[in-house]
Amino acid sequence: MGRKYESIEELRRKKKLLQGEISDLENLLTFKNTKESLSAFTNGLSDQYLQEKVDEDGDEKVVLRKDVIARQLTSEVKDLLISKNTAVGIASSAFGGGNITDGLVKLGVTAIVGNYAKKNIKSSNWKKKLIGAALIYLAPIALKYIRKKMEVYQKNKSVSSLEQLI
């Protein structure tokens, strides 16, 4: 069996310790204390977002701390906006980024160009119809060209600023 014990008392003490450990683990796994169980499962990550409260019946319940969540969200949004405050940063995020503002700018440009092209195609003037059709086919090509030029400009600007630092 492995280790030999000196006496039956030593074996009983070891058994009692193991039973205590098992009951502690069972309490943790059965969520008798929800906050403590979630803390064990998430390695303490959920501690800052949870708070134990006693309701009017005297029962303990775990609630989310909305103030902490709101504060963290606002700080993240603020950091995101502050990091994008330069004109070159905004232009590069609008034409080459993969975030929310990128999608919004692309959607806005598409809506403006699409509405202008639709208005021109519905016109009775043949020149405006030609302009509308040209916009539909040439606008994506023009926007890709502008995006590439903006990326090259951004790259050159960052390289020149690094050269000035060195």
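Predicted model: local features only at pLDDT ≥ 70, side-chain atom pairs only at ≥ 80, totals over all residues.

I started with Ile 121, which counts as partly exposed because its relative accessibility is 35%. For my own bookkeeping, buried means under 20% relative accessible area, exposed means over 50%, and partly exposed is in between (1.4 Å probe, protein chains only). Residues are numbered from 1 along each chain as its sequence is written, and side-chain values use heavy atoms, with hydrogens and water left out.

I placed Ile 121 in helix α5 (residues 100–121). Helices (H or I, at least four residues) and strands (E, at least two) are DSSP runs, numbered from the N terminus.

Which residues form a nonpolar patch on the surface with Ile 121? I found Ile 136, Tyr 137, Leu 138 and Ile 141, and together with Ile 121 they have about 540 Å² of accessible area. Helix α6 (residues 126–165) gives the largest share of the patch, 4 residues. Patches are made of residues with over 30% relative accessible area and no salt bridge; like charges are joined within 9 Å, and nonpolar side chains (Val, Leu, Ile, Met, Phe, Trp, Tyr) within 5 Å. The areas come from the Shrake-Rupley method with a 1.4 Å probe, and for residues only the protein chains shown count as cover.

**Two serines**

Next I looked up Ser 123, in the loop between α5 and α6. Buried or exposed, I wondered of Ser 123? Ser 123 is buried, as its relative accessible area is 17%. Beyond its neighbours within four places in sequence, Ser 123 is in contact (heavy atoms within 4.5 Å) with Lys 128 and Lys 129.

Ser 37 sits in helix α2 (residues 34–41) and is buried, at 1% relative accessibility. I also checked Ser 37 against Asn 27: the two are 10 residues apart in sequence, and 8.4 Å separate their C-alpha atoms.

**The hairpin**

I then followed strand β1 (residues 50–54) and strand β2 (residues 60–64), which pair in the antiparallel sense over 5 bridges. Two strands pair if DSSP finds at least two bridges between them. Gln 51 stands opposite Val 63 in β2. The hairpin has 5 residues between the strands, and there Gly 58 takes a positive phi near 90°.

**Salt bridges**

How many salt bridges does a search of the whole structure find? I noted 3. A salt bridge is a side-chain nitrogen of Lys or Arg within 4 Å of a carboxyl oxygen of Asp or Glu.

Glu 9 pairs with Arg 12, the closest N and O atoms being 3.7 Å apart. Glu 9 and Arg 12 are separated by about one helical turn because they are 3 residues apart in helix α1 (residues 8–29). I have Glu 9 as partly exposed at 43% and Arg 12 as exposed at 52%.

Arg 65, Asp 67 and Arg 71 are linked in a network of salt bridges. Arg 65 reaches Asp 67 with the closest N and O atoms 4.0 Å apart, and Arg 71 meets Asp 67 at 3.8 Å, N to O. Arg 71 and Asp 67 both lie in helix α3 (residues 66–83), 4 residues apart, about one turn of the helix.
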